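Here are my notes for your first read-through. Keep the sequence and the 3D view open as you go.

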Amino acid sequence: MSLEIVQVPVLSDNYVYLAHDGASGETAVIDPAVAEPVLEAAAARGWTITQILNTHWHPDHVGGNAAIVAATGAKVTGPKDEAARIPCIDRPVGDADTVSIGGSTGRVIGVAAHTAGHVAYAFEADGVLFPGDTLFAMGCGRLFEGTPADMFDALGKLMALPDATQVYCAHEYTQSNARFAVTVEPNNAALAARVGSVSARRAQSLPTVPFTIGEERATNPFVRATSAVELGARRAAKDSFR
Ligand code: ZN
Ligand code: FE
């Protein structure tokens, strides 16, 4: 494991990540919703941000791009199918392209569903995935621009990663997802256990992210949907769940 990852909580429930390669000194920011706390988190460690990786165009994922570029000269990589909506983009990428943070190589995975050009970044040698708003703990992103079939395919691609992969998603939506998940699978013992540990962490205001692909395989009702139709029904039910 050569990437050092720092979680920066911003806005009401967003997570921005710094990924630092000690050997080269490179530091990437994944989905900077805002600039100031991210620049401060890097400066506090003596790191200089050299690049930005965006997963999709939503403002809470790209809002800090311009100010970080202005402050550091960082280069911006983002989804090619949303390039017109990614501020300061230098390198548009799509499925099967690669990115690098110093000596760590990331594979770009096309996961269009939440948005029409959404990408994820998987640093497989480091065992790390940045899925943006595609995969959450016990949840998945809303289908703003894609179909249930798109999300079924996208989650399938992410679930091809090893169980031990650490997932650094972009929101702390875990408790709401957990409440919904138990209505779908009330008899899933792994889910019940996870809901308990998540509640304990949130009661202490601790993050429930990262988590692992293996945990999702055992407990996430969207990952566990056996068809796109079933996934779509669950997504629709979650959209109106309170
Ligand atoms: Zn989003
Ligand atoms: Fe978001």
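1. Start with Asp 239 and Arg 142. They form a salt bridge, with 3.7 Å between the closest N and O atoms. This pair ties together distant parts of the chain: Asp 239 sits in helix α8 (residues 228–239), while Arg 142 lies in the loop between β12 (139–140) and α4, 97 residues apart. Bear in mind that this is a predicted model.

2. Now check accessibility. Asp 239 is partly exposed, at 28% relative accessibility. Arg 142 is partly exposed too, at 36%.

3. Asp 239 has another partner. Arg 235 forms a salt bridge with Asp 239, and the closest N and O atoms are 2.7 Å apart. Both residues are in helix α8, four residues apart, so about one helical turn separates them. Arg 235 is buried, because its relative accessible area is 5% and the cut-off for buried is under 20%. Shared partners join Arg 142, Arg 235 and Asp 239 into one network of salt bridges.

4. The structure holds 10 salt bridges. One of them pairs Asp 95 with Lys 157, at 3.7 Å between the closest N and O atoms. Asp 95 is in the loop between β6 (91–93) and β7, and Lys 157 is in helix α4 (residues 148–158), 62 residues away. Asp 95 is partly exposed at 43%, and Lys 157 is partly exposed at 35%.

5. Turn to the sheet. Six strands form an open sheet with mixed pairing, in the order β7-β8-β9-β10-β13-β14. β7 runs antiparallel to β8 (residues 104–110), over four bridges. Ser 100 stands opposite Thr 105 of β8.

Key: Residues numbered from 1 in each chain as written. Chains lettered and ligands numbered in written order. Predicted model: local features only at pLDDT ≥ 70, side-chain atom pairs only at ≥ 80, totals over all residues. Heavy atoms only, no water. Pairing = 2+ DSSP bridges. Helix = DSSP H or I, 4+ residues; strand = E, 2+ residues; numbered from the N terminus. Salt bridge = Lys/Arg side-chain N within 4 Å of Asp/Glu carboxyl O. Buried < 20%, exposed > 50% of the residue type's maximum accessible area, 1.4 Å probe, protein only.
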